Amino acid sequence: MKTMTTASNEQGWTARLLIAAAVLFLLVFLLLPLTAVFVEAFRKGVGAYFKSFTDPYARSAIKLTLIVTATVIPLNLLFGITASWAITKFEFRGKGLLLTLIDLPFAVSPIVAGLIFVLLFGSRGWFGPWLKAHDVQIIFALPGIILATLFVTFPFVARELIPLMQSQGTEEEQAALVLGAGGWQIFRKVTLPNIKWGLLYGLILCNARAIGEFGAVSVVSGHIRGQTNTIPLHIEILYNEYNFAAAFAMASLLTLLAVATLAIRSFIEWKTRREQAAALGEI
Amino acid sequence: MSIQITNLTKTFGSFTALKNISLTVGTGELLALLGPSGCGKTTLLRIIAGLETPDPGSGAVIFHEEDVTNSGVRQRQVGFVFQHYSLFRHMNIFDNIAFGLNVRPRKSRPSKEEISQRVHALLKLVQLERHAALYPRQLSGGQRQRVALARSLAVEPRILLLDEPFGALDAKVRKDLRRWLRRLHEEISITSVFVTHDQDEAMEVADRIVVMNHGEIEQIGTPQEVYDHPANEFVYHFIGDVNLFHGRLEEGKVRIESSEAGKEKPEVVAYVRPHEIELSRTAHPEAIAARVQHLSIAGPVARIQLVRLDTNQSVEAEITRQLYDELQLRTGETVYVNLRNLRVFRPEERTRP
Ligand SMILES: Nc1ncnc2c1ncn2[C@@H]1O[C@H](COP(=O)(O)OP(=O)(O)OP(=O)(O)O)[C@@H](O)[C@H]1O
Ligand SMILES: [Mg+2]
């Protein structure tokens, strides 16, 4: 009995030490910088804070980021579902290769991703002359930014859905098929309701990355003020110009988006855990 | 609606799951596919449903003179009850059963009231009227199984296919449900094929039984035919308990002998079912002496484990309770075993490897 108390006391101490270390680490490396962002943003007062968003360049950066995100998310939705569906519900050659390809953007540095597109579509790139002849601008323009963002974000949805759909198997779909449902009906009425939370989760991660992507976009953007600067790029410019208050005001916007994303994510996790617990009761 | 299958073969890579299967299911018949695990029962059922395709050019599936070998699943209009229920987990029981009607194109879709009526009639049929609003996870295994059945019947299929419908249930529920299925079948009389690896289930429920092994059909017949006249050793083994005796063939008769006498006569293996063994306390020339090793008396029959005194081989006998009471057997004592219905298979009827 005695030894047990000592043991649990020791365990208690170890636990407390570890927890303290973790909390300290979080405070120093996460909470402190986050607070700093907001402190810096409001250094010149609330008025100055909101005024920095009225700046036309700032507005254009926000608008561009929203356009890029709004384009990328539906495309990722489509691609993610198609790829996961193909991989989990059908048997075909080259499945392993497709799985590896989906992971590629996670493995490749964003800078390299950006450079790939410059190499392809830049003025001296493979398709450069052809694009120039047809008066199509991809690099240093919106299409380039969208392509680069798409590249770095497309694994999120598929990565989230594939394990989920694999664990669910195809029996419900087969049951629906035998009952006379068509492909689209099966997807809408059977598959989608079973994957909706995983899908949303993937989209939220994808959204966060699309808004915050710096590296790949930086390479293809050309940093033209009021035209090809997204929020992260604009922040860098402001910062380099010693315009700290404005830089941090924009940064606080990204931070708020990140916090919101985390909040939604936690909600979804809570929700899926509940559904999983319910599903476990089923077995 | 009859089903006719001719010369059907199915291979997965280099593995042959079904070999040259030919089979006819009569209109309104309830047919059981019986066989050990992995013998191809599910594969055959899925081919009938159209969920799997036979090897190209290998055979045909015909529904009442209509060749459906190349038709899609939807065109075939079959009901399929899956081994693991596979109900739609995010729909309640009502919506599960209504699914097949709700997905019909608008032209042929019944009105909301009609659907509701039909679903409630089915709920009544499967005795789950008060469960309409529950979700699959809230039901027991047997209840889910009945929902799966109701769901497949809702679309009024031409043929009903059931894959081990009671496989995952405990013995008591199984028994109840198979009686219930038999009654249901008598009520609605739809051509049905059901898969099982439980010979009792097949015997009790089916009009005819197809015994399968290693992707081939070993025998087709009524339960009684299969039991009384098994086509070969495999069927005999699979359909009930057996005792095995080594002997020699003499002038068309089997002699169970352990002695060296008659060594030149051909050797045979003879089979006897436990209930075809007679026990007595008096020795006679044909009988084999054995020691009673274990007695188990449960219900109307007594099972007796015996050990032959000459070869130490164990023998299982099944006698009526009445006879058992008359004999007053005790463990350890010696009795005489008489074989009533010895079965010997010709070499070509022996089990294939
Ligand atoms: N999609 C597939 N790919 C490869 N092999 C398969 C496939 N489906 C079935 N098989 C093989 O075919 C054989 C027969 O399978 P099947 O599912 O028909 O057996 P079963 O008689 O239903 O067995 P059980 O009683 O265990 O359900 C098995 O050896 C199985 O491994
Ligand atoms: Mg099976």
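How far is a polar side-chain atom of Ser37(B) from an oxygen atom of ligand 1? My notes below start there; keep in mind that this is a predicted model.

1. The gap for Ser37(B) is 2.5 Å, from a polar side-chain atom to a ligand 1 oxygen. Thr42(B) also puts a polar side-chain atom 2.5 Å from an oxygen of ligand 1. For Lys41(B), a side-chain N or O atom sits 2.8 Å from a ligand oxygen. Ligand 1 has 640 Å² of accessible area on its own, and the protein covers 62% of that.

2. Who else is around ligand 1? The shell includes Phe12(B), Phe15(B), Gln83(B) and Glu164(B). By class, the shell splits into four nonpolar, six polar and two charged residues.

3. In terms of secondary structure, strand E2 (15–25) and helix H1 (41–49) of chain B each bring at least two residues to that shell. H1(B) gives the most, with three residues.

4. Now to where the chains meet: chain A puts 20 residues into the contact and chain B puts in 25. About 2200 Å² is buried between them, with carbon and sulfur atoms giving 60% of it.

5. The interface has one salt bridge. Arg89(B) pairs with Glu172(A), with the closest N and O atoms 2.7 Å apart.

6. H9(A) has the largest share, seven residues. That side of chain A counts nine nonpolar, seven polar and four charged residues.

Conventions. Residues numbered from 1 in each chain as written. Chains lettered and ligands numbered in written order. Predicted model: local features only at pLDDT ≥ 70, side-chain atom pairs only at ≥ 80, totals over all residues. Heavy atoms only, no water. Near = heavy atom within 4 Å. Polar contact = N/O pair within 3.5 Å; in protein donor to acceptor, adjacent residues only side chain to side chain. Areas by Shrake-Rupley, 256 points an atom, 1.4 Å probe, with all protein chains shown as cover. Helix = DSSP H or I, 4+ residues; strand = E, 2+ residues; numbered from the N terminus. Nonpolar A, V, L, I, M, F, W, Y, C, P; charged D, E, K, R; others polar. Contact = heavy atoms within 4.5 Å. Buried area = accessible area lost by both parts, 1.4 Å probe. Salt bridge = Lys/Arg side-chain N within 4 Å of Asp/Glu carboxyl O.
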